[in-house]
Amino acid sequence: MTAVFKITSCVAAVLLSMGAHADPVDLFGTPQGPFNDLTANAADTGSIITSGVGGSVNGPLTDILGGNRDLFVSLIDNGGVATRDVQIGVAGGVLDFSVDTLARGRGQIQWDGAANTTESIDFTGLGGIDLTNGGTLGAFELGILFSDGGFNFEVTAYTDATNFTSISFVSTAHPVPATTFIPFAAFMNPFLCGSVNPAPGVLSITCGTGTADLTNLGALVVDLDRTGGTTSIDLTLDQVRAVPEPGALALIGVGLLAVGIVGRRRKQV
């Protein structure tokens, strides 16, 4: 992904190989879809998908945070050809997201503890889960098995509808598997709210009235190419987990904090 994330991947891999505890967000062991959208809507780039297709899987699913996954997909632009589409689905322990040649689309994964028949998010549906497991876990682990092109993705953590943090990332192509680690501290640090390009691979960090509290998590959402900025992409994601924070990530968190403080001071001048 970036040099920073590659370094943290190596450090975290060593720690995890030593048997450190980790909790699943989604191991993608429960199949879903695939869902295909053939109806283009260039305006469907908001916080939720409003004109796409999708559905929910729920029950006593221990491999999914809150026991429920909502999965939606929307075609942004078909490039002038009505048969082009965008597809998302879970099978064989992975999530696949695919956009036809010269088309653009977005996908969204919601873990909000609620079986939604629409694309809405239940901002408190997880009931205040402590994702840090009493402070023993400090980062998201996201596995990317394959991507034939660069893409943007966004992770949004909600405590409720007004207290949330959304972090937007950019990734390069991944012809071979790679792992990204995202520190929880980046979601709970108010100094980072409003930051633009605060670290390599991070496009922006936005917050609600307050930041998300990952010790009191109401919902978690991942957007794949929300604005449909990438055409003709094939992307396969591996499991998403909450893991201990490696030392290298802690250093990055300190660096992000410094950037946030400097940014705030400049605005006040």
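Strands here are DSSP runs of E of at least two residues, numbered from the N terminus. By that rule Pro34 falls in strand 2, which covers residues 32-37. The model is predicted. The points below cover an open sheet of 8 strands, a disulfide between Cys193 and Cys207, and backbone features at Gly33 and Pro34, at Asn133 and at Asn197.

- The open sheet has 8 strands in the order 3-4-7-14-9-10-13-12, and the pairing is antiparallel.
- Strand 3 (53-58) and strand 12 (196-199) are at the edges; each has a single partner strand, so one side of each has no neighbour in the sheet.
- From one strand to the next, the twist averages 20°.
- Across from Trp111 is Leu220, in strand 14.

**Disulfide**

- The model has 1 disulfide, and the bond joins Cys193 to Cys207 with an S to S distance of 2.0 Å.
- This distance is within the 2.5 Å cut-off for a pair of cysteine sulfur atoms, so the pair counts as a disulfide.
- The link of Cys193 and Cys207 is left-handed, with -85° about the S-S bond.
- Distant parts of the chain are linked by the pair, 14 residues apart: Cys193 is in the loop between helix 2 (185-188) and strand 12, while Cys207 is in strand 13 (residues 202-207).
- Cys193 has a relative accessibility of 16%; buried means under 20%, so Cys193 counts as buried.

**Cis peptide bond**

- Most peptide bonds are trans.
- The bond that joins Gly33 and Pro34 is cis, with omega about 5°.
- Of this pair, Pro34 is found in strand 2.

**Positive phi**

- Most residues other than glycine have a negative phi.
- Asn133 has a positive phi, near 55°, and is placed in the loop between strand 7 and strand 8 (139-147).
- The relative accessible area of Asn133 is 36%, so Asn133 is partly exposed.
- Asn197 also has a positive phi, about 50°, although it is not a glycine.
- With a relative accessible area of 53%, Asn197 is exposed, because the cut-off for exposed is over 50%.

Technical notes: Residues numbered from 1 in each chain as written. Predicted model: local features only at pLDDT ≥ 70, side-chain atom pairs only at ≥ 80, totals over all residues. Heavy atoms only, no water. Pairing = 2+ DSSP bridges. Helix = DSSP H or I, 4+ residues; strand = E, 2+ residues; numbered from the N terminus. Axes fitted to C-alpha atoms, helices over the stretch in contact; angles between N-to-C directions. Buried < 20%, exposed > 50% of the residue type's maximum accessible area, 1.4 Å probe, protein only.
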